[in-house]
Amino acid sequence: MSAASEPEQRGDPNFLISMVTSAAAAALAVTAVHTWHGIEARPWAFLAFFGLAAALTLASVEVYGRGSISGSGTGLLALGFALGAGPAMVAGALMGITNLVARRGRINRGVFDAAQFSLAAGGGAAVYHLFGWEHRSPFLLAGPALAAAGTYMAINVGLLSWAMSLAQGERVGAVWKERFRWMIPYYLVSGLLALALIRAYDALGLTGLLAFALPALMMMVSQRQYVSRTRRSVEDVRAANEELQATNAKLAERNEDLQALFQFAGGLAAHSHDAIALIGYAEDALSKLTGVHAEVTLGETAEGIGLVAGGKRIAGIDLDENGSFDPERWNRLRDALLPQLATALESAQLVDEVRRRHLATIAALSRSMEAKDYYTGGHTERVADVAVAIGRRLGYEGADLDAVEVGALLHDIGKIGIPEAVLHKPGPLDEDEWALMKKHPVISDYILSEVDLHPFVRQIARWSHERIDGTGYPDRLVGDDIPIPARIVLVADALDALTTDRPYRKGRSLSAALVELREHTGTQFCPTVMAALERAVLEEPELFGDPRIESDAVAA
């Protein structure tokens with residue numbers, strides 16, 4: 001195993017390289033004389049076994065993502081078994097240089113490989129000769145051969161694991177367990193193969209060595225070719241898989257964008273009746289989509305990203321493009337979002353315009369009744385304003401709140417069927433006159449029955465004179481049987497009636513009127529509606545005629 005076959009790491013453990021190189025140089029120097037005599041005595045054996053080790057190195061099999069494995073250790077051990085530790089160290093150093101040249105690795109790693117190969121080969125040979133010199137039986141030499149292989153593995157793999165742990169910032173044991181533990185059987189077998197090689201060489205010379213080594217060498221070459229092709233196939237599959245993952249990620253991204261567009265369009269449709277609500281929804285939705293604060297401003301001169309409908313700029317969007325802003329997603333979505341929002345705003349403005357004209361028409365109709373009942377001038381508009389304020393605090397919005405306003409404007413339209421003598425009577429009504437007056441809610445309901453209106457409108461027209469205790473008219477409904485919109489208008493109508501001048505009395509102050517209403521809460525008026533009225537007086541005092549309402553106008 002060699003460092004030059006490993007991918008380039010994040011750092012170079014130069015101290016370890018220097019230490020190992022120094023140790024190898026010292027060992028070579030100490031054994032120089034022995035080495036020279038050993039090589040001089042059997043030069044052809046040295047060349048044969050070194051050539052085998054070099055061939056096995058060049059035929060090494062790359063293990064995908066795990067470096068490479070070769071049989072060079074077998075050749076170096078065989079050389080050490082035959083010639084001794086010194087020649088084995090020289091061969092190991094030359095093997096490191098051969099590996100560096102063949103793989104065109106980095107110089108410092110080539111030096112490290114030469115040093116660790118030298119120490120591993122010398123250590124393995126020394127162990128073999130320490131325990132096996134007096135044994136002549138191959139069976140008795142198997143033990144020293146296995147011990148030599150273990151020593152070779154411990155030095156070779158140990159130094160590689162140490163160097164990689166320094167470069168990767170991992171523990172030595174973790175590196176060994178992940179990358180080298182699986183190679184233990186191969187290292188041990190290499191000792192037995194080395195023993196077989198020297199026995200073949202001793203018996204038959206170079207012919208025996210080649211006869212024994214060539215099949216193994218050819219097998220490694222074929223494995224190298226197979227693994228190389230497999231690696232290319234794996235890389236192709238990996239590239240295709242990465243491309244597929246990238247495509248899937250884009251599809252998921254597009255699907256998320258499509259869902260966001262559908263949700264945005266659905267939200268626009270749900271708020272299309274009210275420009276203010278639509279703007280609020282759009283700002284919230286755009287803030288979630290872009291990750292930054294979004295603000296929509298109406299008007300042709302509004303700054304920011306223009307919203308254009310019908311060829312005219314109608315609004316602008318201002319995005320706070322800070323660090324959390326996602327420009328890529330915004331660029332993907334803006335061409336679909338902006339036209340939708342512009343169209344929705346234009347439609348909402350048209351709806352608002354139609355609504356204003358509709359309310360103006362209804363107000364004109366209610367004023368035509370007031371022209372008959374002249375002392376109630378402006379009464380319906382005031383009742384409508386207060387009813388809307390109460391309804392808003394009770395959670396009504398959009399079309400429902402609009403219906404409360406329309407119902408308030410039309411709640412007394414049935415008085416058009418009441419004789420003027422009754423309407424204009426300066427004093428209290430007698431029993432017969434009250435009987436006539438109590439018919440006007442039914443007349444209102446009849447007038448509106450053929451008109452396509454929100455259900456709240458007719459509920460208000462018919463039942464805005466019903467009382468919580470069931471003593472109201474025309475149907476004597478009790479408690480929760482009275483629709484809340486009708487209860488709202490009852491309170492708003494009573495407040496305006498109490499604070500407005502009548503032919504037979506002066507109007508009361510707001511404070512006095514609220515006291516009167518509170519006294520009848522739970523019998524005539526709904527407590528929930530009264531609580532909403534109290535909040536409206538506190539929060540919108542200008543709606544009730546004077547922004548400086550006395551502090552005692554609302555109960556603490």
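R458 is partly exposed, with a relative accessible area of 33%, whereas D445 is buried at 11%; buried denotes under 20% relative accessible area, exposed over 50%, and partly exposed in between (1.4 Å probe, protein chains only). The structure is a predicted model, in which local features need pLDDT of at least 70, side-chain atom pairs count only at pLDDT 80 or more, and totals for chains, interfaces and linings use all residues. Residues are numbered from 1 along each chain as its sequence is written, and side-chain values use heavy atoms, with hydrogens and water left out.

R458 and D445 form a salt bridge (2.7 Å, N to O), defined as a side-chain nitrogen of Lys or Arg within 4 Å of a carboxyl oxygen of Asp or Glu. The pair connects helix α18 (residues 455–463), which holds R458, with helix α17 (residues 440–448), which holds D445; helices are DSSP runs (H or I, at least four residues), numbered from the N terminus. Through shared partners, salt bridges join D445, R458, R462 and D475 into one network.

Twelve salt bridges are found in the whole structure. One of them pairs E539 with R393, with the closest N and O atoms 2.8 Å apart. E539 lies in helix α21 (residues 527–539) and R393 in helix α13 (residues 379–393), so this pair ties together parts 146 residues apart in sequence. R393 also meets E540 in a salt bridge (2.9 Å, N to O); E540 is in the segment after α21 and is partly exposed, at 21% relative accessibility.

Terms used
Helix = DSSP H or I, 4+ residues; strand = E, 2+ residues; numbered from the N terminus.
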